[in-house]
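Hi everyone, thanks for coming. I'd like to walk you through one model today, so please have a look at the screen while I talk.

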Amino acid sequence: MKNNFFEISPDIYKVGEKALENTRSSFERIDEITEYNQLKMLRAFQDARVSESLFSGSTGYGYDDRGREALDRIFAQVLDTEDALVRHHFASGTHTLTVALFGVLRPGDTMLSVTGTPYDTLQGVIGIGKNYSGSLKDFDVKYEQVELLSDGSVDYDGIRNALKPDTKMVYIQRSRGYSLRPSLLTQDLKKISELTRSIVPDCIIMLDNCYGEFVETDAPGKYVDLMAGSLIKNPGGGIAPTGGYIAGRADLVEKCAFRLTTPGTGKEIGCTLGHSRELFMGAFHAPHVTGEALKTAVFAAAVFDLLGYEVTPKYDEVRGDIIQAVLLGNEERLIHFCQGIQAASPIDSFVTPEPWDMPGYDSKVIMAAGAFTLGSSIELSADAPLREPYAVWMQGGLNFHSGKTAVLLAAENMRK
Ligand SMILES: *Cc1c(COP(=O)(O)O)cnc(C)c1O
């Protein structure tokens with residue numbers, strides 16, 4: 001419905017209307033996925049017998065925190081894994097993945113990344129390029145990688161050749177990160193898994209599941225041994241204020257818990273203070289919020305496609321993450337796009353984002369983020385490293401209604 005709360009010119013408004021028409025069948029598919037995952041989540045809450053008494057936080061060591069245990073069970077159930085470790089103690093997604101890697105890898109082991117170079121912030125953890133003291137490399141964990149094919153798809157022959165009898169871990173990144181390759185679908189995870197298990201049966205298959213939760217009906221737990229993600233992305237539902245999760249085989253999750261706390265105490269300690277309620281609420285909302293973020297991404301793909309820009313994925317493509325990349329071609333458009341997104345935020349709409357040297361990234365980055373939670377990327381945000389091919393990566397959107405206006409304002413701001 002037309003409104004005059006935000007200034008959108010008639011031609012951009014018309015593009016928006018046309019984009020909505022184009023995305024109708026994609027939206028129907030998203031609604032089906034959302035409903036399935038929402039009911040799966042509801043079932044998991046009921047099976048875990050969640051009651052208000054589970055929300056009262058523990059202090060100190062946090063022994064016998066029943067809320068913490070129930071939340072672990074819920075995550076395990078919705079991700080189709082044996083066990084899970086859901087904690088506000090994880091400081092970021094990178095920290096969560098780091099705990100998982102250090103939890104299961106030992107000196108002399110080989111980690112094989114099968115989706116090319118991992119996400120920027122993981123490179124220092126592994127010891128690629130930079131070699132920080134305390135990296136996996138510093139602990140003599142060997143690293144190898146199989147590049148993706150030139151179209152961004154998985155190189156199965158390459159994986160077959162790279163697997164050795166003593167490969168300890170196959171590492172998969174599902175999301176595109178700051179790249180233009182497609183995200184992996186669960187059917188790709190299944191293929192990688194079958195191939196790996198046919199050659200090295202006891203290899204640990206680990207997944208960086210950031211941005212992939214609740215995007216499909218099929219959960220990855222059947223195909224991988226271990227996965228990790230961030231609670232300020234999809235599975236926190238925009239409500240979790242911090243944290244991460246690790247899920248997978250019970251023996252591996254225990255090793256990770258031994259790394260997060262101490263060998264021996266593992267999952268038995270770690271007080272929840274007052275945060276359990278937010279983590280439960282966030283988890284409950286997560287499938288729906290992920291659906292809203294997907295709709296925002298699909299709408300953006302349709303709008304910028306109509307405006308003549310290359311977008312990936314396209315609005316009718318099946319998605320394995322919530323990220324939308326738009327190739328804007330130059331620095332100026334990137335900046336205007338991000339400033340338009342910022343102007344549509346509920347928080348800090350009055351500030352103007354500028355490019356800066358962000359820790360952990362190689363080039364200057366401009367970020368639009370007007371979020372309730374600092375750095376949250378399930379709330380609408382857009383980041384663009386100022387480097388070729390001058391693409392902006394947009395993700396999130398707590399609700400499609402404001403997400404839609406943000407996309408139109410980004411287009412409007414570029415037009416001006
Ligand atoms: C976000 C992300 C991470 C790291 O999470 P942070 O919370 O930014 O540390 C790792 N891998 C992928 C694919 C991500 O999208």
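Let's begin with a question: in what order do the seven strands of the open sheet with mixed pairing come? Before I answer, please keep in mind that this is a predicted model. Now, reading across, the order is β1-β7-β6-β5-β4-β2-β3. At the edges stand β1 and β3, residues 142-145, and each has a single partner strand, so one side of each is left without a neighbour in the sheet. On average, and ignoring direction, neighbouring strands here are turned by 20° against each other.

As a quick reminder, strands of a sheet pair through backbone hydrogen bonds, either parallel or antiparallel. For a parallel example, look at β2, residues 110-113, and β4, residues 167-173, which are joined by four bridges. If you want to find that pair on the screen, Met111 stands opposite Met169 in β4.

Now for the helices on this sheet. Helix α4, residues 93-104, packs on the sheet and touches β2, β4, β5 (204-208), β6 (226-230) and β7 (244-248). The direction of α4 makes about 160° with that of β6. Then there is α8, which lies across β1, β5, β6 and β7 and runs at about 25° to β1.

Let's move on to another sheet. This one is open as well, with five strands in the order β8-β9-β12-β11-β10 and antiparallel pairing. Which strands stand at its edges? They are β8 and β10, the latter being residues 365-369, and each has a single partner strand, so one side of each is left without a neighbour in the sheet. The twist averages 20° from one strand to the next.

Within this sheet, β11 and β12 run antiparallel and are joined by three bridges. To give you a landmark, Ser381 has Gln395 in β12 as its bridge partner. As for helices, α10 packs on the sheet and touches β10, β11 and β12, with its direction at about 20° to that of β10. Helix α9 lies across β8, β9 and β12, running at about 15° to β9.

What is the angle between α10, residues 331-343, and α11, residues 400-415? It is about 140°, with the axes 7 Å apart. That makes α10 oblique to α11, and their crossing is right-handed. On the α10 side, the residues that meet α11 are Arg333, His336, Phe337, Gln339, Gly340, Ile341 and Ala343, while α11 brings Ala406, Val407, Leu409, Ala410, Asn413 and Met414. By class, the residues of this contact divide into eight nonpolar, four polar and one charged.

While we're in α11, is Thr405 buried or exposed? Thr405 sits in this helix, and it is buried because its relative accessible area is 18%, with the cut-off for buried being under 20%. Leaving aside neighbours within four places in sequence, Thr405 is in contact with Phe6 and Ile8.

Here is another helix pair. Helix α1, residues 10-22, packs against α9 at an angle of about 125°, with the axes 9 Å apart. That makes α1 oblique to α9, and this crossing too is right-handed. The contact is made by Val15, Gly16, Lys18, Ala19, Leu20 and Asn22 of α1, together with Phe299, Ala302, Val303 and Leu306 of α9. In terms of class, that contact has seven nonpolar, two polar and one charged residues.

Where are the cis peptide bonds I'd like to show you? One runs from Thr312 to Pro313, with omega near -5°, and Pro313 is in the loop between β8 (310-312) and β9 (324-327). Another runs from Glu388 to Pro389, with omega near 0°, and Pro389 lies in the loop between β11 (381-385) and β12 (391-395).

There are also positive phi values in residues other than glycine. Asp80, in the loop between α3 (66-79) and β1 (83-87), has a phi near 60°. With 28% relative accessibility, Asp80 counts as partly exposed. Leu273 has a positive phi of about 50°, and it lies in the loop between α8 (250-260) and α9 (276-306). Leu273 also counts as partly exposed, at 42% relative accessibility.

Technical notes. Residues are numbered from 1 along each chain as its sequence is written. This is a predicted model: local features need pLDDT of at least 70, side-chain atom pairs count only at pLDDT 80 or more; totals for chains, interfaces and linings use all residues. Side-chain values use heavy atoms; hydrogens and water are left out. Axes are lines fitted to C-alpha atoms, for helices over the stretch in contact, and angles run from 0 to 180 degrees between N-to-C directions. Helices (H or I, at least four residues) and strands (E, at least two) are DSSP runs, numbered from the N terminus. Angles under 35 degrees count as roughly parallel, over 145 as roughly antiparallel, 65 to 115 as roughly perpendicular and the rest as oblique. A crossing is left-handed if the near helix is turned anticlockwise from the far one by less than a right angle, and right-handed if clockwise. Contact means heavy atoms within 4.5 Å. Ala, Val, Leu, Ile, Met, Phe, Trp, Tyr, Cys and Pro count as nonpolar, Asp, Glu, Lys and Arg as charged, and the others, Gly among them, as polar. Buried means under 20% relative accessible area, exposed over 50%, partly exposed in between (1.4 Å probe, protein chains only). Two strands pair if DSSP finds at least two bridges between them.
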